[in-house]
Amino acid sequence: NVIDLQKFLTSGQVSAIDKQLEKLQKETGFKLRVLCQAYPETPGLAIKDYWKVDDKTIVLIADKGLKGTSNILNFNVGDGLADVLPTPFWSRLQGRFGTSRYWRDEGEDVAITNAVEAIAYCLQRDSEGDVTGCTDPPSRQMIDAKL
């Protein structure tokens, strides 16, 4: 569930995120995968087959870009998530946790972990069994209160 080619995450963080993603998939049917890379050294399209990417898959790509100044968070989102997490959610999530200023101040690991937890928060099921969804990413306080 997590491939960290850049060592942005500790082994403990990789393990914790991996468990969280397994639980998320079991509870919601949606797959979230995390790829930490540095362009141009990427696994490319091989990742799609490896992770069996489909309409219910989100691939979070953490990559600081060639100059190390880019927004670290990028997303490949399956069509089956459009109603639950619409397009504005992804750009707002990038703006909240992915900016170069944010990851320089807080760390790449915090940016990635916060994004994973925000997505998990928004994919939780409510009491009727429906996925709650989000248009805006939750604050860190909202995430802490629910997860």
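This is a predicted model: local features need pLDDT of at least 70, side-chain atom pairs count only at pLDDT 80 or more; totals for chains, interfaces and linings use all residues.
Student: Are cysteine 122 and cysteine 134 buried or exposed?

Tutor: Cysteine 122 is buried, and cysteine 134 is buried as well. Cysteine 36 is also buried, with a relative accessible area of 0%.

Student: How many disulfides does the count come to, and which cysteines are joined?

Tutor: A disulfide is read from a pair of cysteine sulfur atoms within 2.5 Å. Here the count comes to one disulfide, which joins cysteine 122 to cysteine 134 with an S to S distance of 2.0 Å. The angle about the S-S bond is -95°, and the link of cysteine 122 and cysteine 134 is left-handed.

Student: Which parts does the pair tie together?

Tutor: Cysteine 122 belongs to helix H5 (residues 108–122), while cysteine 134 sits in the loop between H5 and helix H6 (140–146), so the pair ties together parts that are 12 residues apart in sequence.

Student: What is the order of the elements of the protein chain from the N terminus on?

Tutor: The protein chain has six helices and four strands, and from the N terminus on they run β-α-β-α-β-β-α-α-α-α. The radius of gyration of the protein chain is 14 Å, close to the 15 Å that the globule rule gives for 147 residues, so the chain is as compact as a globular protein of that length.

Student: What share of the 147 residues is buried?

Tutor: Buried residues make up 42% of the protein chain, and, among contacts with a separation of 6 or more, 62% come from residues 24 or more positions apart.

Notes. Residues are numbered from 1 along each chain as its sequence is written. Side-chain values use heavy atoms; hydrogens and water are left out. Helices (H or I, at least four residues) and strands (E, at least two) are DSSP runs, numbered from the N terminus. The radius of gyration is taken over C-alpha atoms; the globule rule is 2.2 Å times the number of residues to the power 0.38. Buried means under 20% relative accessible area, exposed over 50%, partly exposed in between (1.4 Å probe, protein chains only). Contact means heavy atoms within 4.5 Å.
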